[in-house]
Each structure stands twice: as C-alpha cells, then as structure tokens.
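Open the model in your viewer and switch to a cartoon view.

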Amino acid sequence: MDTLLIRNARLEDADHILNIYANYIKNTAVTFEYDVPGLSEFQERMRHTMKRYPYLVIERDGQIEGYAYAGRFIGRAAYDWACELTIYLDHNVCRRGMGRNTLTKTAPISMPVWDFRRLEYFRSADTNSAAGTI
C-alpha cells in the first residue's frame, strides 16, 4: 500500500534526513554548503529550528523520503511574521509530485506560522528539483 505520512520530525530521524541533505550538498549548489555536516551538528540545527518552527518528515510506507522545515526570513525584526519554507526530497523520488503534495498538505495547517505569499524554489540539473520564485 502506498501511504504518504507527514509528521513532526524527531532527532532520531536526523541520520535519514542528513542522508537526503548530503546528496544536495554533494551534487547541487542550492544548499550553499560545501561540506556535509556531522550528525551531531545536524541534530543541533534541527533542535534550533524546532524551538520556533515546524520541522516535518515525509514518509511513504514507513520510509523517510523527504523533509520540510520553516526558518527565519532575512533576520530583521520587521520580518518576524514571515519565514522561509524548505523542502528536500530523496533524489530517487523527485518528479513525482511529492514536493507539491507536501506543500499543499502543510500550508493549510501551518498558515499561522508560515507566510506563503513568496516561496523560493530551486531546480538542479542533477536532481531535477525546481528553481525560481512562485
């Protein structure tokens, strides 16, 4: 059975999430990072985000195939009401509508926290992920 579940991430998910993120670091320029962070550093990033914003994993049949999180937008006081949304998918599941599905499922429950009036998205030739502004 093909069951999609979007749930709150747990620190125990960090190794699976980091594996997804590592592919983007190694094969694209969208992360603006050159080196894959260690697991403890990545868990600390997750902890920091989870203090204020949602951090979600996307599971299909019990396997983590992606994740999404919100974060501070720009870093100025006037933007405290706004944030960025980031979605990363396992490179093996791209181009199947999972990113769009994740966005449509998380936006309605997250509107009090997230501002979806301006979304950035990226397309990498290597991963077929998207790039631009909606």
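This is a predicted model: local features need pLDDT of at least 70, side-chain atom pairs count only at pLDDT 80 or more; totals for chains, interfaces and linings use all residues.

Select D2 and R60: they are 58 residues apart along the chain, yet their C-alpha atoms are separated by 6.6 Å. Leaving aside residues up to four places away in sequence, D2 touches R60 and D61. D2 sits in the segment before β1 (4-8). Is D2 buried or exposed? D2 has a relative accessible area of 56%, over the 50% cut-off, so it counts as exposed.

Next, colour the sheet. Four strands make up an open sheet, in the order β1-β2-β3-β4, with antiparallel pairing. Look at the edges: β1 and β4 each pair on one side only. From one strand to the next, the twist averages 20°.

Zoom in on β1 and β2 (residues 55-60). The two run antiparallel and are joined by five bridges. Pick N8, then its bridge partner in β2, L56.

Now show the helices. Select residues 14-27: this is helix α1, which lies across β2, β3 and β4 and runs at about 75° to β3. Then select helix α2, residues 39-50. Helix α2 packs on the sheet, where it touches β2 and β3, and its direction makes about 115° with that of β2.

Last stop: the surface. Select I74, Y79 and W81, which form a nonpolar patch with about 320 Å² of accessible area together. Click on Y79, in the loop between β3 (63-72) and β4 (83-89). Y79 has 31% relative accessibility, between the 20% and 50% cut-offs, so it counts as partly exposed.

Key. Residues are numbered from 1 along each chain as its sequence is written. Side-chain values use heavy atoms; hydrogens and water are left out. Buried means under 20% relative accessible area, exposed over 50%, partly exposed in between (1.4 Å probe, protein chains only). Contact means heavy atoms within 4.5 Å. Patches are made of residues with over 30% relative accessible area and no salt bridge: like charges are joined within 9 Å, nonpolar side chains (Val, Leu, Ile, Met, Phe, Trp, Tyr) within 5 Å. Accessible areas come from the Shrake-Rupley method with a 1.4 Å probe; for residues, only the protein chains shown count as cover. A salt bridge is a side-chain nitrogen of Lys or Arg within 4 Å of a carboxyl oxygen of Asp or Glu. Two strands pair if DSSP finds at least two bridges between them. Axes are lines fitted to C-alpha atoms, for helices over the stretch in contact, and angles run from 0 to 180 degrees between N-to-C directions.
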